[in-house]
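Here are my notes on this model. Please read them alongside the coordinates.

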Amino acid sequence: MPVPPLQTYGQATAPPAQPQAIGTPPNPTHYQHQQQSLQPSGSQQAGYQQGPPKPKPKIDPTHIPSPVQMQQANEAIFLTEHYGTCSQQTIPLSTTDHKTIDQGNCNPRFMRATLREIPKSPDLVRDTHLPFGLVVQPLAKLHPEDEPVPLATTTGEDGPIRCSRCKGYINPACQFTDGGRKFNCNLCGFTNDVPEHYFSHLDMAGQRMDLDQRPELRLGSVEFEVPEVYWTRQPSSLRVLFAVDVSFSAIQSGMVETFCAALQLALFSDATFPPGTRIGIVTFDSAVHFYNLSATLEQAQMLVVPDVNDMFLPLSDDAIFVDPHASRSVIENLLSSLPSLFAGNRQPTSVFGSAVKAGMMSLQATGGKIHVLQTTLPTAGIGMLKNRDNPKLYGTDKERQLLSPQDAMYTTIGKECVDLGICVDLWCFPLNTYIDVCTLGVIPALTGGDTHFYPNFARDRDDVSFTDSLINSLSREQGYNAAMRVRCSNGLAVDEQFGNFYMNNSTDVELAGVDADKSVAFSLRHDGKLDEGDVHFQCALLYTTKTGHRRVRLHNLRIPATNDINTIFRQADLDTSMNVLSKQVISQTPKKLQQDLVTLLDGECTRILAAYRKHCASSAASGQLILPESFKTLPVYILSLKKSTALRRDMMVGADMRVYSMRRFKSLGVSALIRWLYPRMVNLHEYLTVKGKISIVPLQRLSYDLLHPKGMYLLEGPEATYLWIGQHVDAALLQSLFGVAELNEVNPKMAQMPPASTPQAERLAALLQRSPSMAPLRVIRQGFDHEGEFMNMLVEDETHSQMSYVDYLCMIHKQIQSEVEPKRK
């Protein structure tokens, strides 16, 4: 029996008084289809037996639950009001751009639980089959109007005040007693003495007199500067090394030229490289080239290390790593000359492992970040690899052979990087060839880095997307040499962890690098009786900031406990649950067959909905599909996950793309994963033509049948941003956006929109600017361009040889009946 997925919390819209039923329609909002009509539509679907044609279901696809409806309703709730973290408000959906007031619980962007009310017993968790866990994104980007995480004062030589027993940190839920001389730990219940330097008298309500000066006692999220006892090495400002492949394919693809231009754009911004940051550049083909970037030079000096199996540093640290502002002219001259310097290079290979080893040697004293740009399979130098690709294995059970690293040396290198506090980001640009993302990507996966994938890189198509991604990677909040631990109050414990990281023990998640986009999922279990009152969680992240400060960031969460199964379902958070479930399933891909994982997902969907039917809606007619309000879009999310490049059986999905998707899934935060599973599609012809300010962006469901030929839609996919233009679109709209009156005159190869010169174009430019997607733009003109890639993103339709959303609901309904009916009898 599959292990239930583990999740985190957050609820969307306020639940209605009655559960929603889907079946034969007595009215527009409740659909009570008879059992015999719930059959899949269309031709033979995977998993169905052949036979005579079955009647089409009587389900109107526009009336089944939709993420679009939930997201827009939730946006309306928080459009004008702030979310108070200790209020009785419904927690915003992860996709809602809400403003938050920290009232003692952390911002849900930092930490979310799958359940807003915690089951008091393990039997309740088992009966509901709901995921039970947390998702933590400790450096998540906040809303512009949110208060930043404050830096609390560290008053003692030993650092922040902590519990003597469980080592939990002081927080708003700790209770002070004995006139302020003792405090009770909210995590383990132990009574601690208050150090003399931290003592404060209590007022008549039992609150400390200095409460206003102690953010750690009022707010759910704080940071402390920590003393040397928390150091593993002397903290220093971030050092960033760029290791760039300059082999034949790198030059031919235009990658080197694009990188040089992008880095020059980002280089001299304080947001990208704050004061104190040091950068270095190396290039590599069959040898590794170091550059002296010292500000005293007129131009950079190149030193070549040809013996790539016995690396050494030909330069001192202060020549390799320099202040980008002090060495600005030297760096700019080097970036301008690199493309022409290697323009005639005919070296077919590049020594990836040797370049990484060189970076490790240069950063071993301080730690830092390495960005490696690679275009070919490394067939020379340290960690040379063989081309093991076999397209005949794609979409078969034997494909698992390609989903495990072929050389254990990369795992060893990754572990060494973690020990040294060095995070590696991998940027892959293969040209119609296998690059073995599975093996190369082990290093970023272990160090908390990113893997970026640009197959068949074309400068005119991908340069904008790459430049945006590079600038984001450099400018977002980040740190290095980090470790993270989650502590729970008595009766609960962390069971497993899911994400891209390394663990030397069973409790600490080690992250050589951590940034605003990374998340880690924790599954929870009961290990005893819960204490009376609320349940408490605390995440502690120890890390070094970009500016060289050693700090611990704390996120605290207090959640009530309950014995009521109806309340548990009502307060379940689907967005967070999908994050935990996805990470848990993806983590099993090297060990289990894809078909087994797909079956596991179907089983989880069925068991959760069947449990709700059994325990919360047992009196409903058997012909109705009853869905909990909080989980009513679970089937469409599960279906989309099954259709993803990480899980679907598809001979057109190469091993590199599959592994890239798997690693991305394991690092995505709650909001980013939901947008991957169900991308936002904006109804542009409405959004751009309505006069005045539009508070809520109009969205469209992901089904081709719902697209109007007079319309225009923007779909923000994970790998591309599609601009679909209907064949009968208004000529005035075309003129305002593209400066042409006919659809056939629109350039389908444009990588970005023309400069905005009209109000409609300015509104679209602002929309694209706010979009979290940095994927390249693809223009699709209905009737002129191939629409297959765009149509495959419409997950509610029959795509990738898999069933539609309506048919999947029919299948799940049948399985729920099989699960529930025998137990009734």
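1. Burial first. Of the 825 residues in the protein, 60% are buried (under 20% relative accessible area with a 1.4 Å probe, protein chains only; exposed is over 50%, partly exposed in between). This is a predicted model: local features need pLDDT of at least 70, side-chain atom pairs count only at pLDDT 80 or more, and totals for chains, interfaces and linings use all residues. Numbering starts from 1 along each chain as its sequence is written, and side-chain values use heavy atoms, without hydrogens and water.

2. Overall form. The C-alpha trace spans about 80 × 80 × 55 Å along its principal axes.

3. Secondary structure. The protein has 22 helices and 30 strands (DSSP runs: H or I, at least four residues, for helices; E, at least two, for strands; numbered from the N terminus).

4. Asp797. This residue sits in the loop between helix 21 (788-791) and helix 22 (805-824). Asp797 is buried but has no salt bridge (a side-chain nitrogen of Lys or Arg within 4 Å of a carboxyl oxygen of Asp or Glu). Lys643, the nearest side chain of opposite charge, is 7.5 Å away (Lys and Arg count as positive, Asp and Glu as negative; His and the chain ends are not counted).

5. Val304. This residue belongs to strand 15 (residues 301-305). Val304 is partly exposed, at 44% relative accessible area.
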